[in-house]
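Dear colleague,

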Amino acid sequence: MQLKLAALSALIAAIALPTVARAEEAASTTFNVGVVTDYRYRGITQSRLDPALQGGADYSNPSGLYLGTWASTIQWVKDAGGKSDIEWDLYGGVKGEITKGVGFDVGGLYYLYPNNKLGDVASLANADTFEVYGAISYGPVTAKYSHSLTNLFGFIDSKQSGYLDLSASFDLGNGFSLAPHIGHQAVRHSSAYSYTDYSLTLGKDLGSGVSVSAALVGSDADKRLYLTPAGKFTGRNALVLGARFGF
């Protein structure tokens, strides 16, 4: 994809920042912890098809500025010959409204894999990845593009890779929600690793900060390339269950 997100983000910000909605509520900080039966990211397992523990914290203020951090246990770096078993994300941005009913979100996300040593493995690069992103939402539907300014998750010479996705969130009532999603990951200079992923997630808010989810997740990634050490396809269709507590 030829679109440069840096230019897109600047354009969106220039248009939208003057009209950022000023919420009446004060700045807030929230925390969350959770567990999933399989940590899937962009359709590909990060935890070798096994359960993962996760948690994070988020700060937001009335200007639309937000900052956050999140972490999860993983297995893919070790499976590729590296050393890290933790993904630690740092992110921040600004969100608001361009006009009534049309929202925007622009920011950056740094994926850290402490002491991953993946760059010492032949034909691989450092796993740490930095992306900038921009999103436009209308009603329940959001279109988002993420653009890597570094090598992408250990792929050599993969700077300027992009991920485009379309998602939605529908309130079904009684605490239930339904979220369809489709996305395409383009890996620059390694097109054989590019793929499309999809998911359909049913969520239930149980109250008191507790929520649960069930997601049908899959991808059309190359089954010869995306494999665990045991030879299992890491992008296979699966039902992923999750539970989360926010406070």
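**Salt bridges**

The side chains of Asp38 and Arg40 are joined by a salt bridge, with N and O 2.8 Å apart; the term denotes a side-chain nitrogen of Lys or Arg within 4 Å of a carboxyl oxygen of Asp or Glu. The model is a predicted one, in which local features need pLDDT of at least 70 and side-chain atom pairs count only at pLDDT 80 or more, whereas totals for chains, interfaces and linings use all residues. Residues are numbered from 1 along each chain as its sequence is written, and side-chain values use heavy atoms, with hydrogens and water left out.

Arg40 is buried at a relative accessible area of 13%, and Asp38 is likewise buried, at 5%. Here buried means under 20% relative accessible area, exposed over 50%, and partly exposed in between, with a 1.4 Å probe and protein chains only.

A further salt bridge is formed by Arg42 and Glu131, whose closest N and O atoms are 2.8 Å apart. Because Arg42 lies in the loop between β2 (40-41) and β3 (44-45) and Glu131 in strand β8 (residues 129-138), this pair ties together parts that are 89 residues apart in sequence. Helices (H or I, at least four residues) and strands (E, at least two) are DSSP runs, numbered from the N terminus. Arg42 and Glu131 are both buried.

Asp79 and Arg48 also meet through their side chains in a salt bridge, at 2.7 Å from N to O. This pair links distant parts of the chain, 31 residues apart: Asp79 belongs to helix α2 (residues 76-79), and Arg48 to the loop between β3 and β4 (52-60). Asp79 is partly exposed, with a relative accessible area of 25%, and Arg48 is partly exposed at 34%. In total, the count comes to 5 salt bridges.

**Backbone angles**

Arg48 is also noted for its backbone: although it is not a glycine, its phi is positive, at about 60°. Asp157, not a glycine either, has a positive phi of about 55°. Asp157 is placed in the loop between β9 (141-148) and β10 (162-168) and is partly exposed, with a relative accessible area of 47%.

**The second largest pocket**

Rolling a probe the size of a water molecule over the atoms shows where empty space is left. The second largest pocket has a volume of about 640 Å³. A pocket is an open set of points on a 1 Å grid over the protein atoms alone, where a 1.4 Å probe fits, with protein on both sides within 12 Å along at least five of seven lines; lining residues have an atom within 4 Å of a point. Grid points are joined across faces, edges and corners, and the volume is the space filled by probe spheres set on the points.

Which residues lie nearest the centre of this pocket? They are Ile44, Trp76, Phe153, Phe155 and Tyr226, out of a lining of 28 residues. The elements that contribute two or more residues to this lining are β3 and α2. By class, the lining has 18 nonpolar, 6 polar and 4 charged residues, where Ala, Val, Leu, Ile, Met, Phe, Trp, Tyr, Cys and Pro count as nonpolar, Asp, Glu, Lys and Arg as charged, and the others, Gly among them, as polar.

**Surface**

Phe31, Val33, Phe245 and Phe247 make a nonpolar surface patch of about 370 Å². For such a patch, residues must have over 30% relative accessible area and no salt bridge, and nonpolar side chains (Val, Leu, Ile, Met, Phe, Trp, Tyr) are joined within 5 Å; areas come from the Shrake-Rupley method with a 1.4 Å probe.

**Positions and separations**

Asp171, in strand β11 (residues 170-173), is exposed at 68% relative accessibility. Its C-alpha atom is separated by 24 Å from that of Gly56, 115 residues away along the chain.

Ala221 is found in the loop between β14 (210-219) and β15 (238-246) and is buried at 5% relative accessibility. Between the C-alpha atoms of Ala221 and Gly175, 46 residues apart along the chain, the separation is 34 Å.

With kind regards

Methods: Patches are made of residues with over 30% relative accessible area and no salt bridge: like charges are joined within 9 Å, nonpolar side chains (Val, Leu, Ile, Met, Phe, Trp, Tyr) within 5 Å.
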